Amino acid sequence: MNLILKYIKRKVLLYWILRVCVLSIFLVISIAAYFILFPSIIYINTADIPKFLVKTSGGEYELLNRSTCPLVEIKEETSLINIKKTVSSKQLDYIKQFVSSGGEWMPKHCIPQHHTAIILCYRNRTEQLQTFLYHIHSFLQKQNIHYQIFVIEQTFDAEFNRGKLFNVGYREVTMRSLAGCFIFHDVDLMPENINNIYGCTSCPRHMSTSINVFNYKLPYYNIFGGAIAMTRKQFHDINGFSNVFYGWGGEDDDLFNRVYHRGYRICRYQSFISRYTMLTHEKEIPNENRMKYLRNGPKRFYTDGVDSVTYNLIKYEQLPLYTRILVNV
């Protein structure tokens, strides 16, 4: 009888040990899957924004006998900027007097802490581009930064390729500018809050987290499109965007994966600072192969990107409000 009891106790003990082991393995797998599917994102409080911002102006101001520009005062309660959804040629002419050729501006009374290149990919959205230029010049000049706007325009020889155009913009800008911060921006997004500093942070930043058409909420957790900010080093380290995403969708999710693959963490400002108005436009045709490209993306991170982008430069011209770079990709 004692032997039978010992046997039963041993079986029960082994059963519970096995069960605990299985549950532990399941827990470890679940935790690992969570961090793979939902990588941690840094949320920057308003008071901590100056700590995360990195100086991206180089030695181009050494001969200027001026003090450093202060940042715009960051307040939790600030009035949002009203967006003019249509602008006239007269309004555009008015702001031209404050901007240098090629869409460049810098403060005259102090040395800026941030030298930013704003890169837009573009094709056949004239009204939206005019609205963007009118709004963004007025917006940025309140922030005491040195900036220049580059519009990378694609010809009609192929489907639109947003990621490839951003890579082209980065290549062309780095050959001609000392900018240390790069903001990859959609032409239909207008920032609403002046506290949304158009400078770079120590982590790649998703700037447009709260958009009016999504009721100022994130459509999904790991979205990384619209407007993003990266330093030269950050963009170079991740090898930029993929070049294979022709048509709509996929390149921004692939970029999110590239950032984490290289050991970076994405950061975001609080939602009330990262508010944007999106201008209405026709829906683009989705890329049928985008999910396949996303799945096999890690195989191409080192071979497909800004280092391997190919294109034909058709025209490079400095217009009154922006620098136009027309390319065939």
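In the predicted model, Ile211 stands opposite Tyr276 in strand β11, where strands, like helices, are DSSP runs numbered from the N terminus, a strand (E) having at least two residues and a helix (H or I) at least four. The strands β8 and β11 pair in the parallel sense over two bridges, two strands being counted as paired if DSSP finds at least two bridges between them. On β6, Met190 stands opposite Thr277 in β11, and three bridges join β6 to β11 (residues 275-278), the two strands running antiparallel. Together, the three strands form an open sheet of mixed pairing in the order β6-β11-β8. The edge strands of this sheet are β6 (189-191) and β8 (210-211), each of which pairs on one side only.

Residues are numbered from 1 along each chain as its sequence is written. Because the model is predicted, local features need pLDDT of at least 70 and side-chain atom pairs count only at pLDDT 80 or more, whereas totals for chains, interfaces and linings use all residues, and side-chain values use heavy atoms, with hydrogens and water left out.

Helix α5 (residues 162-176) has 15 residues and reaches 21 Å from its first C-alpha to its last, which is close to the 21 Å expected at 1.5 Å a residue, the expected span being 1.5 Å times one less than the number of residues. Of these 15 residues, 11 are buried, so α5 is largely enclosed by the rest of the structure; here buried means under 20% relative accessible area, exposed over 50%, and partly exposed in between, with a 1.4 Å probe and protein chains only. Among the buried residues of α5 are Arg162, Gly163, Phe166 and Tyr170.

Arg162 is also joined to Glu251 by a polar contact of 2.9 Å between their side chains, a polar contact being a pair of N or O atoms within 3.5 Å in which, within protein, one must be able to donate a hydrogen and the other to accept it, residues adjacent in sequence counting only if both atoms are side-chain atoms. Glu251 lies in helix α7 (residues 251-261) and counts as buried because its relative accessibility is 5%. When residues up to four places away in sequence are not counted, Glu251 touches Arg162, Gly163, Phe241 and Phe245, contact meaning heavy atoms within 4.5 Å.

For the protein as a whole, there are eight helices and 13 strands, and 49% of the 329 residues count as buried.
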